[in-house]
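Student: I am new to this structure and would be grateful for a close look at a single part of it. Please set that part in the context of the whole chain.

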Amino acid sequence: MMIPVVGSVGIPGSSLFPMPEAPYNTFPYLFLLYLSVTCGWFFIKKQRSPHLAAGIIQRVDDIHARFVERNNY
């Protein structure tokens, strides 16, 4: 699973996984920053209001049940 990460970030001095040219070399890091911030936000929200995660899980299960029900016809 690390091959796509290494392929997008690159290894300095490697011909197999070269570093992408600018500005593309910053995109993986910006994406990782985005993931870190959003995951951090979710964990903070989960600590402050634990019912939030349970509600999200319940709504996702409801949507999944409706999707399965609709596709059984």
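Tutor: Let us begin with Gly40, whose place is in helix H2, residues 27-48. Helices here are DSSP runs of H or I with at least four residues, strands are runs of E with at least two, and both are numbered from the N terminus. This is a predicted model, in which local features need pLDDT of at least 70 and side-chain atom pairs count only at pLDDT 80 or more, while totals for chains, interfaces and linings use all residues. Residues are numbered from 1 along each chain as its sequence is written, and side-chain values use heavy atoms, with hydrogens and water left out.

Gly40 is partly exposed, because its relative accessible area is 27%; buried means under 20%, exposed over 50%, and partly exposed in between, with a 1.4 Å probe and protein chains only. From C-alpha to C-alpha, Gly40 lies 23 Å from Pro4, and the two are 36 residues apart in sequence.

Helix H2 also holds Phe31, which counts as partly exposed because its relative accessibility is 49%. Phe31 belongs to a nonpolar surface patch of about 600 Å², made together with Met19, Tyr29, Leu32, Tyr34 and Leu35. Patches consist of residues with over 30% relative accessible area and no salt bridge, joined within 9 Å for like charges and within 5 Å for nonpolar side chains (Val, Leu, Ile, Met, Phe, Trp, Tyr). A salt bridge is a side-chain nitrogen of Lys or Arg within 4 Å of a carboxyl oxygen of Asp or Glu. Accessible areas come from the Shrake-Rupley method with a 1.4 Å probe, and for residues only the protein chains shown count as cover.

The loop between helix H1 (2-9) and H2 contains Pro23. A cis peptide bond, with omega about 0°, joins Pro23 to Ala22. In general, most peptide bonds are trans. The loop between H1 and H2 is also the place of Phe17, which counts as partly exposed because its relative accessibility is 23%. The C-alpha atoms of Phe17 and Asp61 are separated by 40 Å, the two being 44 residues apart along the chain.

The structure holds 3 aromatic pairs. One of them joins Tyr24 and Phe27 edge-to-face, at 5.7 Å centre to centre with 70° between the planes. Rings of Phe, Tyr and Trp (its six-membered ring) pair if their centres lie within 6.5 Å; planes under 30 degrees apart count as stacked, over 60 as edge-to-face and the rest as tilted. Tyr24 is exposed at 53% relative accessible area, whereas Phe27 is partly exposed at 44%.

Beyond H2, Ser49 is found in the loop between H2 and helix H3 (51-71). Ser49 is buried, because its relative accessible area is 17%.

Of the 73 residues, 8% count as buried.

The predictor's confidence in each residue is its pLDDT, from 0 to 100. The chain averages 83, and 96% of the residues score at least 70.
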